[in-house]
Amino acid sequence: MFERPTYINAIAPFIDKPLVKILAGVRRSGKSTILLLLREELLRRGISPDNIIARNYSDIRYESMTASEMHSDIVAAMQGKGHCYLLLDELQEIDGWERSVNTLLESADADIYVTGSNSKLMSAEISTYLTGRYVLLPVYTLSFAEYLTFRGKTNADAASVFTDYLQYGGFPVIAASDFDRHSAYQIVDGIYSTVITNDIARRHDIRNQELFDRVVRYIVENVGKTFSANNVVAFLKGERRSVSVEAIYNYIKWLTEAFIVYPCKRFDLQGKQVLKTQEKYYLSDVSLRYAKAGFDGKMVSAMLENIVYLEMKRRGYDVYVGKLGDKEIDFVATRENNRIYVQVCRNLPDDSSRETENLAKLNDNYHKYVVTADGLSVGNDNGIEIVHIADFLLFTSPHLLPRRGTSLYFQQTKCLTS
């Protein structure tokens with residue numbers, strides 16, 4: 001079992017605090033492994049194995065279990081043990097789990113950790129039952145730093161290993177094995193199909209599965225492009241398929257809830273406001289695109305953007321597409337008192353000003369990056385840092401805050417709050 005210390009370090013400050021710790025992310029991103037690692041951490045702290053109660057609700061043994069039955073089962077398992085630690089995996093499989101967990105939080109001597117593959121774990125029901133008494137810890141597929149560890153490599157290998165990361169993505173099951181690309185994409189397609197069938201189509205009783213699949217494929221193939229439901233409707237009309245704008249937005253909502261895609265809203269840098277239209281969507285892992293469309297060099301630029309977007313999300317940034325008049329900044333990312341601007345390109349043109357000119361128009365002192373896969377063009381252009389994407393992902397600049405849960409993060413947070 002591979003270590004993922006970033007997540008254990010992120011959980012550690014909340015151990016034995018009266019909060020429900022919720023780990024949520026796409027299927028097979030490693031949530032179950034993180035719970036196993038948490039169990040090991042608790043054992044290292046001297047907790048008796050008898051006081052650690054684990055349940056995986058995707059197991060057939062718990063099929064059709066009600067929230068009341070779940071509560072009774074856990075209470076029985078805790079009987080006579082004193083303070084217990086509840087590790088509850090894939091909890092979204094239990095309808096009404098929020099009420100049961102709320103009851104346990106209020107009346108049981110327990111420290112509670114839950115995972116799920118559906119953002120209903122963050123829905124209004126939670127706000128109702130667990131108001132102010134939960135903390136959300138997003139779980140993503142492997143960062144590039146984690147991918148290096150899984151592959152037994154070091155930062156010295158970063159430039160060469162990045163090509164594999166770009167082509168295979170960050171699902172732990174892929175990184176931990178030695179699959180060829182075809183086999184890897186088959187496995188990812190299985191993950192994708194499980195999410196689409198179990199977490200979306202069945203849950204929402206989708207009648208026209210073939211049309212839904214076509215809409216999803218369109219969205220996946222247009223990652224990183226400005227989204228318009230009307231454009232999707234027009235495209236499908238050209239294929240003699242009929243779907244409403246409302247249906248398109250429902251599909252997007254369900255894909256977001258299942259962590260297949262993440263929305264990236266547009267931020268008007270002049271008006272200083274988040275815009276309600278022309279958002280973009282990025283995948284929870286680039287391999288999801290390859291699983292549906294194969295790997296093609298023409299899609300690399302969009303996938304580099306996707307990788308950078310996810311890295312900034314992992315570091316706890318709120319990420320937007322920047323609107324500057326009629327120009328666009330790929331990403332405006334904010335966290336605490338920090339902001340960075342990022343342009344992403346596959347290769348830097350001979351005239352680097354084509355990538356830096358939009359950033360140069362920003363009249364503030366926040367740090368600006370051009371992130372590129374072109375290792376020969378790194379440097380500094382009038383205060384705009386041009387960095388290789390592998391270096392950017394591994395945190396080489398003090399202006400880019402480290403991932404939450406790392407020792408660097410805790411040091412940085414202390415400096416920011418002191």
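This is a predicted model: local features need pLDDT of at least 70, side-chain atom pairs count only at pLDDT 80 or more; totals for chains, interfaces and linings use all residues.
Start by selecting the open sheet, where 5 strands run in the order β2-β3-β4-β1-β5 with parallel pairing. Which strands stand at the edges? Colour residues 52-56 and 134-138: these are β2 and β5, and each has a single partner strand, so one side of each is left without a neighbour in the sheet. Look across the sheet and you'll see that neighbouring strands are turned by 15 degrees against each other on average, ignoring direction.

Now zoom in on β1, residues 20-24, which pairs with β5 in the parallel sense over 5 bridges.

Next, show residues 67-78. This is helix α3, which packs on the sheet and touches β2, β3 (84-89) and β4 (110-116). Its direction makes about 145 degrees with that of β3.

**A buried lysine.** Finally, jump to Lys368, which sits in strand β13, residues 367-372. Is Lys368 buried or exposed? Its relative accessible area is 9%, under the 20% cut-off, so Lys368 counts as buried. Show its side chain and find the polar atom that lies 2.8 Å from the backbone oxygen of Tyr366. Beyond its neighbours within four places in sequence, Lys368 is in contact with Tyr341, Leu359, Leu362, Gly383, Ile384 and Glu385.

Note on methods:
Residues are numbered from 1 along each chain as its sequence is written. Side-chain values use heavy atoms; hydrogens and water are left out. Helices (H or I, at least four residues) and strands (E, at least two) are DSSP runs, numbered from the N terminus. Buried means under 20% relative accessible area, exposed over 50%, partly exposed in between (1.4 Å probe, protein chains only). A polar contact is a pair of N or O atoms within 3.5 Å; within protein, one must be able to donate a hydrogen and the other to accept it, and residues adjacent in sequence count only if both atoms are side-chain atoms. Contact means heavy atoms within 4.5 Å. Two strands pair if DSSP finds at least two bridges between them. Axes are lines fitted to C-alpha atoms, for helices over the stretch in contact, and angles run from 0 to 180 degrees between N-to-C directions.
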